[in-house]
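Dear colleague,

I am handing over the structure below, with a short account of what was found in it. Please look through the model first and then read on.

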Amino acid sequence: MKSSAAKDRVAALHAQIEEANYRYHVLDEPTITDAEYDRLMRELEALEAEHPELKTADSPTQRVGSVPSREFAEVRHETPMLSLANAFTEGEVADFARRIVERLGRNATAHDLEFSVEPKFDGLAISLRYENGVFVRGATRGDGERGEDVTPNLRTVRSVPLHLRGKGWPRVLEVRGEVYMPRADFERYNARARASGGKIKALVNPRNGAAGSLRQLDPRITASRPLAFFAYALGAVEGGDLPVKHSAVLARLRDWGFPVSPLVSTAEGVDGCLGYYRKIGRQRDTLPFDIDGVVYKLNDLSLQRELGFVGRTPRWAIAHKFPAQEQTTVVEDIIVNIGRTGAATPAAKLKPVFVGGVTVTNATLHNADQVARLDVRIGDTVIVRRAGDVIPEVVSVVLDRRPARTHKWHMPAKCPVCGSAIVREEDEAVARCTGGLSCAAQRVQTIFHFAARRAMDIDGLGERYIEDLCDLGYVHSVADLYRLTLDDLLEMKRRADERDGTTPETVKAGKVATKWAENLIAAIAHSRQTTLDRFLYALGIPDVGEATAKALARHFGGLDALMRASEAELTEVPDVGPIMAAHIAVFFAERHNREAIAELRAAGVTWKESEPQRRSEGPLAGKTVVLTGTLSALTRDEAKDRLEALGAKVAGSVSKKTSFVVAGAEAGSKLDKARELGVEIWDEDRLKDFLRAHA
DNA sequence: GCACCTCGAGTTCC
DNA sequence: CTCGAGGTGC
């Protein structure tokens, strides 16, 4: 291609690619396909290879891959980058507004001040400098006065514009904002890291991921990290007029091609701010990025100037923080819990710490490998997280704060409950207590499982009572439950209270105890009438959970046929392979299990047996359905039963094999996944219509 | 033999 | 929810 033609084409490609980036990353409305985008990039790269003189620093190809630098140059911020005061309570927000009113002195009140409100992104604050509309330099916040020049790294962030759009930008424009890592991208990155088998290191959390990525000396590494950017403020501005309100400044920034969060808004007075805080707080877990609070800024820029600063914090803005979802605390002990199957699971006993709205004292450590991986030791200071979910986990150890003379934790050789050996099979992650049902912990857990709602559904029989019943010798096996009398329970309760020294010998307490005992006896009696699949699940056969119990019940129709089945016959059941078949056969071959079953039947536990069903039938035969969100007319269990009655298989997670997803209110990640995979989605009305049509 | 999908089991707090 | 492991389809 002739040089002049090439020059035109390169310019056209620059424009096209930047437009595509803007549409995709800023407007979130892609206009061209990924393949087309790649084609444009490749064409540009080819032209630049042919005509090196056309390869400029602001070319989209230069977002990726310049050479590593030795260290970061220091950048002095012309206008310091602010830090915000924090408020943790509504009272502190009210105080903030009151101080503004007092200082402004006029007839303003805390109720009619207008605030620009926005989420507080949990990423890394940076400053971008544009001269004559071209991105020239980007820096980290540093101490607010001086930061580090990370320009090559910031170029790799697709939502950072290399050129400003539109017209009327100042000659010099500094834009402040946050570089962050979207949650989905963080998850995807970590999934890849885990799959790489240690070659790529997993990131601790999106914020560390963003900060670490920007501080890479080699921009090619930064380019491989999925970073994004939101603009939220201005720094130095020369040669240009700007709006008089912060919200209008943000709108202007959007026009110039900067991504501004769609969650930014304005609010009237303290009440408006607090309303915004609560609204964003409700959305927090479902947002595509992490936030740690919201920020209120007085919207009128002239009032901002009038109020000024205390030190480096403005009087006109405050960050209202959510309860932290990550905290540090101290590991006071590492204990081992024994599960129903004997699995020995280490758990960290923590110095109580307030995380994500609750006080956490325990965190599971999953297994010995996990403890070794994290190298958690008693006495360590650790980071504890209660992420979008509920269950606390130890994220990492703060090595700097490890006390002297700690030692590596090891799985104990003996069960802390029964003293039997703890054994870990080769290539298995779990270590198990070998005590079997002679281990009190396993016995309690077995009975607890038997009584569970999804098993025999004995209401009112909690773990605590099972422990007492076992400890005091009233119950040794599940069949013993059916021999309990009202007097047994009352006597047991009295002895347990005596033992604990907590005996409120009042008439009222006696009545409460009687009521509990009567209810429990009734619940046990009620559980005698059950279904075969519940009964099988309740038995706690290794590897047989709800789904497998259902499959077995359907396939064999009756218990005797199942107990007589050979391993080969068991393998014919859908989803049962040789390993599970062996576990099931061994279970039914053991004498104490056969005896327990006989005793249960003798105690009156019954169910309706049915014809063996080798293939499921019905309008939904062969369909796999996933339920998500909250349904209004049905409980999830009811919906599951009804769908299964029509031949569907109700699964727990969405995959491309899913036939359709039923999405109720506040459906979460499963719905997203379904959309991603193009799986059909039903709303509750459609489900209702279908169920009615096939009733 | 591998990749993917399910299922099972254990888990925290109120 | 998360991890590990069994089952199955390619």
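This is a predicted model: local features need pLDDT of at least 70, side-chain atom pairs count only at pLDDT 80 or more; totals for chains, interfaces and linings use all residues.

The elements that give two or more residues to the surface near DNA strand B are strand 15 (343-355), strand 16 (358-364), helix 17 (546-556) and strand 24 (649-651), and strand 16 gives the most, with 4 residues.

Taken as a whole, there are 25 residues around DNA strand B, of which Arg340, Thr361, Ile391, Gly545 and Thr548 come nearest. By class, this surface has 8 nonpolar, 11 polar and 6 charged residues. On the DNA side, 93% of the atoms of DNA strand B within 4 Å of the protein belong to sugar or phosphate, and the rest belong to bases.

I also looked at the cysteines, and a search of the whole structure finds 0 disulfides. The sulfur of Cys433 has its closest cysteine sulfur in Cys418, at 3.6 Å, which is too far for a bond because a disulfide needs the two sulfur atoms within 2.5 Å. Cys439 is likewise in no disulfide, and the nearest cysteine sulfur, that of Cys418, is 3.6 Å away. Cys433 is buried, with a relative accessible area of 4%, and Cys439 counts as buried at 0% relative accessibility.

With best wishes

Note on methods. Residues are numbered from 1 along each chain as its sequence is written. Chains are lettered from A and ligands numbered from 1 in the order in which they are written. Side-chain values use heavy atoms; hydrogens and water are left out. A residue is near a molecule or strand if one of its heavy atoms lies within 4 Å of it. Ala, Val, Leu, Ile, Met, Phe, Trp, Tyr, Cys and Pro count as nonpolar, Asp, Glu, Lys and Arg as charged, and the others, Gly among them, as polar. Buried means under 20% relative accessible area, exposed over 50%, partly exposed in between (1.4 Å probe, protein chains only).
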